[in-house]
Amino acid sequence: MKGWQRVHRGLQKALPGYCAFCLMPAHDGVGWCRDCLADLPWNTLCCTRCGEPLRQPAQSLCGHCLMEPPPIKRAHVSLLYQSSIKELMHDFKFNASPRAGMLLVELMLVNKPDLLGSALLPVPMHHQRARERGFNQAYWLAEQLARRTGLELLNAECHKLVASQRTLNRQERAANLRGAFSIKGPLPAHITLIDDVVTTGATTNALARVAQKAGAMHVDIWAVARTPLGNS
């Protein structure tokens with residue numbers, strides 16, 4: 001059974017013209033069927049500044065963003081890092097699957113932000129980590145999105161090999177990322193950061209602060225998915 005499940009998952013990822021999630025015929029030339037698109041873990045009610053899922057429809061900001069407004073003005077993160085999206089992301093990041101990557105790009109474009117500014121800036125990766133993985137997934141996504149939107153693609157550099165931040169609180173994460181990024185300015189007044197998964201927002205906030213020092217006045221983020229933190 002396990003062998004068949006592996007074959008089934010491989011077919012889901014590889015067959016063109018069929019839904020990547022259920023193997024039924026895809027809808028209108030995209031990589032999914034209507035039912036699977038509707039069943040994806042959509043992040044429909046979330047904080048407008050960081051993308052954290054909210055419990056109350058009347059809310060627009062989470063408690064963290066109310067108490068400490070981040071440098072990010074608006075977060076556009078339409079999906080949650082769960083179930084099929086988590087599997088698709090894993091295939092993209094760790095198996096370098098181009099089909100998985102293109103599916104993620106298409107899902108980002110299903111619900112494209114109304115205002116993206118003048119340029120896209122992918123979250124950079126330290127050169128050692130990029131060598132280990134073989135590519136920077138945020139830059140790859142940004143390249144595809146720049147082609148589709150016609151926006152300029154900017155570059156930043158990461159000078160610090162940041163260790164896992166899972167056990168750190170927000171203040172410790174921010175300190176861990178201090179001095180990690182640099183950007184050659186001047187930047188356009190309004191830019192959008194591109195990332196794959198947003199967890200606490202510490203990384204994108206650190207990059208946004210550097211972007212502001214380089215001339216950006218309005219910094220947004222556009223990412224594939226958000227890891228729900230439950231007010232962590």
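A residue is called buried at under 20% relative accessible area, exposed at over 50%, and partly exposed in between, using a 1.4 Å probe and protein chains only. S78 counts as buried because its relative accessible area is 11%.

Before going on, the ground rules. This is a predicted model, where local features need pLDDT of at least 70 and side-chain atom pairs count only at pLDDT 80 or more, while totals for chains, interfaces and linings use all residues. Residues are numbered from 1 along each chain as its sequence is written, and side-chain values use heavy atoms, with hydrogens and water left out.

Back to S78, which sits in strand β1. Helices (H or I, at least four residues) and strands (E, at least two) are DSSP runs, numbered from the N terminus. Which side chain does S78 join in a polar contact? That of N111, at 3.0 Å. A polar contact here is a pair of N or O atoms within 3.5 Å; within protein, one must be able to donate a hydrogen and the other to accept it, and residues adjacent in sequence count only if both atoms are side-chain atoms. Contact in general means heavy atoms within 4.5 Å. Leaving aside neighbours within four places in sequence, the contacts of S78 include P41, W42, A223 and V224.

Now the sheet. Five strands form an open sheet in the order β1-β7-β6-β2-β3, with parallel pairing. Its edge strands are β1 (74-80) and β3 (152-153), each pairing on one side only. Two strands pair if DSSP finds at least two bridges between them; β6 (residues 190-198) and β7 (residues 218-226) have eight.

Next, helix α4. Its 13 residues, 83-95, should span 18 Å at 1.5 Å a residue, and the end C-alpha atoms are 18 Å apart, which agrees. The expected span is 1.5 Å times one less than the number of residues. Among the buried residues of α4 are I85, L88 and F92.

Last, the aromatics. Rings of Phe, Tyr and Trp (its six-membered ring) pair if their centres lie within 6.5 Å; planes under 30 degrees apart count as stacked, over 60 as edge-to-face and the rest as tilted. The structure holds two such pairs. One of them, F92 with F135, is edge-to-face, at 5.4 Å centre to centre and 75° between the planes. F92 lies in α4 and F135 in the loop between α6 (127-133) and α7 (137-149), 43 residues apart. Both F92 and F135 are buried. Together with W140 they form one aromatic cluster.
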